[in-house]
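Me: I have a structure open and want a quick walk through it. Can you take my questions as they come?

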Amino acid sequence: DGRIVAVGQNLSAEGASVVDASGRFVTPGIIDAHSHLGVYPSPSLDAMSDGNEATQPNTAEVWAEHSVWPQDPGFGRAVAGGITTLHILPGSANLFGGRGVTLRPVLGARMVQEMKFPSAPQSLKMACGENPSRVYGGRNSSPATGMGNVAGYRQAFANAQRYARQLAAAENGEGEAPDRDLEMETLAGVLNGDIILQWHCYRADEMALAIDVAREFDFEIAAFHHAVEAYKIADILAEE
């Protein structure tokens, strides 16, 4: 039924199809934990380059799956390369880039719904450092510095805590529920653990600051991506 039942030498192949794999390689299926296929097609196509809602620093309300182009030729090459599963993330222009989605590269899919991995949790893509500072500082708006980045994270999560308290109070009959806010829904989902946080960070000091923010607002960071200076704080990351 599509599962490996035994590995070894001189196994019985009774009742099984036999493939002569002489001179070939057998590898596990590859899970791509950070992909932009579908939202940034490969080869690149401007009309379908849809991965950054770079209109404001916090776009936690957007979902990558709503930008996925199922006919991206890159999905076919991913299958040819042994990739069975991809986690598709928004780009890194924003402090909060939006929700990610886990897909299977289903060739010939007409819509993203045919590709979604059953019951996979959603993620939130965040970014720190030079990406949001460059994008928004270049427009003479905040954040333009590391200070602005961290202030943006903290204010957003403070707002999300208030939103979550209002929802909880309404559920207990203590006041009216707030109007639905898609941005706040995503951040509240991170706070309660329903949405898994993926954080784009290059520098060790920025990762350490991100951990401080997570401690202040009591949420967990699932992974740092592109973490080229992780070796400088390996002990801290191991402890966390």
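Me: What does Trp 199 touch, leaving out residues up to four places away in sequence?
Reply: This is a predicted model, where local features need pLDDT of at least 70, side-chain atom pairs count only at pLDDT 80 or more, and totals for chains, interfaces and linings use all residues. Residues are numbered from 1 along each chain as its sequence is written, and side-chain values use heavy atoms, with hydrogens and water left out. Trp 199 touches Met 126, Ala 127, Cys 128, Tyr 153, Ala 210, Phe 219, Ile 221, Ala 223, Phe 224 and His 225. Contact means heavy atoms within 4.5 Å.

Me: Which residues have the most contacts inside the largest nonpolar core?
Reply: Phe 96, Leu 124, Phe 157, Leu 187, Trp 199 and Phe 219. That core has 30 residues. A nonpolar core is a set of buried Ala, Val, Leu, Ile, Met, Phe, Trp, Tyr and Cys residues joined through side-chain atoms within 4.5 Å. Buried means under 20% relative accessible area, exposed over 50%, partly exposed in between (1.4 Å probe, protein chains only).

Me: Which elements give two or more residues to this core?
Reply: Strand 4 (123–127), helix 3, helix 4, strand 5 (196–200) and helix 5 (204–217). Helices (H or I, at least four residues) and strands (E, at least two) are DSSP runs, numbered from the N terminus. Helix 5 gives the largest share, seven residues.

Me: At what angle do helix 3 and helix 4 pack?
Reply: About 85 degrees, with the axes 9 Å apart. Axes are lines fitted to C-alpha atoms, for helices over the stretch in contact, and angles run from 0 to 180 degrees between N-to-C directions. Helix 3 covers residues 146–171 and helix 4 covers 182–191.

Me: Switching topic. Which cysteines does the disulfide join?
Reply: Cys 128 and Cys 201, S to S 2.0 Å. A disulfide is a pair of cysteine sulfur atoms within 2.5 Å.

Me: Where do those two cysteines lie?
Reply: Cys 128 is in the loop between strand 4 and helix 2 (130–137), and Cys 201 is in the loop between strand 5 and helix 5. The pair therefore ties together parts 73 residues apart in sequence.

Me: Are Cys 128 and Cys 201 buried or exposed?
Reply: Both Cys 128 and Cys 201 are buried.

Me: What about the backbone? Which peptide bond has Pro 143 in cis?
Reply: The one from Ser 142 to Pro 143, with omega near 5 degrees. Ser 42 and Pro 43 are also joined by a cis peptide bond, omega about 5 degrees.

Me: And what is phi at Ser 119?
Reply: Positive, about 65 degrees, although Ser 119 is not a glycine. Ser 119 is exposed, at 78% relative accessible area.
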